[in-house]
Amino acid sequence: MEQQERALAAYVDSVRDQAGALGVVLVGSVAQGRERPDSDVDVYLVVDDERFAAETAQGRFAWIERRDEDYPGSYIDIKLASPSYLAAAVEKADDPTRASFLGARVAWSALAGLDETVARIAELPDDVWDERVRSHVAQARLYGGYFLRQAVERGDEFLRRHAGLHLALAAARAALAANRVVLPGPKYISKLVGTVPTPEGFVEAWSRVVDVPDIDSGRELLRLLDEWLAVGLTPDETLSTFIRDNELAWLRGTVPAEFW
C-alpha cells in the first residue's frame with residue numbers, strides 16, 4: 001500500500017549513507033502483497049561484514065525504527081544481515097529464515113548480485129527436499145511407533161503428549177517437504193497442513209493425533225504417511241536416520257530435524 005511504500009522509501013533514505021550500509025531487502029507481508037493498512041514494514045538491513053561483526057558483538061541483531069513517523073501504528077522492523085550471513089543462509093539456513101525471504105524484494109542495493117542471492121535463500125534443491133521427507137518420516141515412525149506406544153503402556157502422561165506432538169510435527173514436516181513448502185514457524189503448521197495436497201483422511205488423522213495422542217490415532221497417521229510417501233526406509237535405516245538427525249546433531253554440527 002502507498003503508506004508502506006512511503007515508509008520504506010524514507011527508511012532507505014535514512015540508511016543509504018550510513019557507514020557499512022550495502023542494501024535494504026523488503027520482506028514480510030508488504031513484500032508479498034498481503035499487508036493491511038496498519039501493517040509494519042519488515043526489512044533486512046544488509047551491512048558489510050565488519051559492521052555486522054561490530055553490531056552483533058554488542059547483541060544487536062534486530063531493532064525497530066520510525067515508530068509512528070509515517071502513518072498511525074507504523075514502524076520499520078529491522079533484522080541485520082551481511083554478505084557472509086546471506087551466503088551462509090543460501091547453504092544452511094533453517095526454514096524460518098528461508099521463509100522470511102519468500103517474495104523478498106531488494107529496495108536498495110550497493111552490493112552486486114543481491115537480488116540473485118536473496119532469491120536463492122528461499123530455494124532448496126530436490127535432493128534436499130527428498131532427504132527431508134525421509135528424515136521426517138523416520139521421526140514420525142519413532143515418535144509414533146515407539147515413544148507414543150511406550151508412553152501409553154507406562155501411563156506416562158508427559159511422554160504421551162510429547163510423543164504425540166512430535167509425531168504430529170514430523171508428519172506435518174514430511175507433508176510440507178513432499179510439497180516443497182518451507183515452514184515459517186510453529187504457528188503456521190495447522191494452516192499449512194490443511195492447505196497443501198495430502199491423501200484423503202490425512203488431515204483428519206493428523207488432527208486426531210494433536211487432540212488425542214494414543215496408540216490408535218498414532219497408528220492411523222503413520223499408516224497414511226507410509227502409504228503416501230513410501231520412502232523405503234527399513235526399520236534399521238529408520239532408527240539410524242533418527243539417531244543421525246537427533247541424537248548426533250551435536251556431533252555433525254547440525255540441529256535436530258524438528259528445527260530445520
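A salt bridge is a side-chain nitrogen of Lys or Arg within 4 Å of a carboxyl oxygen of Asp or Glu, and this structure holds 23 of them. Welcome to a predicted model, in which local features need pLDDT of at least 70, side-chain atom pairs count only at pLDDT 80 or more, and totals for chains, interfaces and linings use all residues. Residues are numbered from 1 along each chain as its sequence is written, and side-chain values use heavy atoms, leaving out hydrogens and water.

**Salt bridges**

- R105 and E5 join their side chains in a salt bridge (2.8 Å, N to O). This pair links distant parts of the chain, 100 residues apart: R105 is in strand β5 (residues 105–109) and E5 in helix α1 (residues 2–15). Helices (H or I, at least four residues) and strands (E, at least two) are DSSP runs, numbered from the N terminus.
- R161 pairs with E157, their closest N and O atoms being 3.0 Å apart. Both sit in helix α8 (residues 157–178), 4 residues apart, or about one helical turn.
- R161 is exposed at 53% relative accessibility, while E157 is partly exposed at 38%. Here buried means under 20% relative accessible area, exposed over 50%, and partly exposed in between (1.4 Å probe, protein chains only).
- In helix α11 (residues 215–229), R219 and D216 are 3 residues apart, and they form a salt bridge with closest N and O atoms 3.1 Å apart. Both residues are exposed.
- E131, R134, R244, D245 and R252 belong to one network, joined by salt bridges that share partners.

**Helix α3**

- Which residues of α3 (residues 49–57) are buried? They are R51, F52, E55 and T56.
- Seen down the helix axis, the buried residues of α3 fall within an arc of 120°, so they line one face. The arc is that of the directions from the helix axis to the C-beta atoms.
- The face turned away from that buried side carries the exposed residues E50 and A57.
- The buried residues of α3 pack against β1 (21–27), β2 (41–47), β4 (76–81) and α4 (83–92), where contact means heavy atoms within 4.5 Å.
- Just after α3, G59 takes a positive phi of about 80°.
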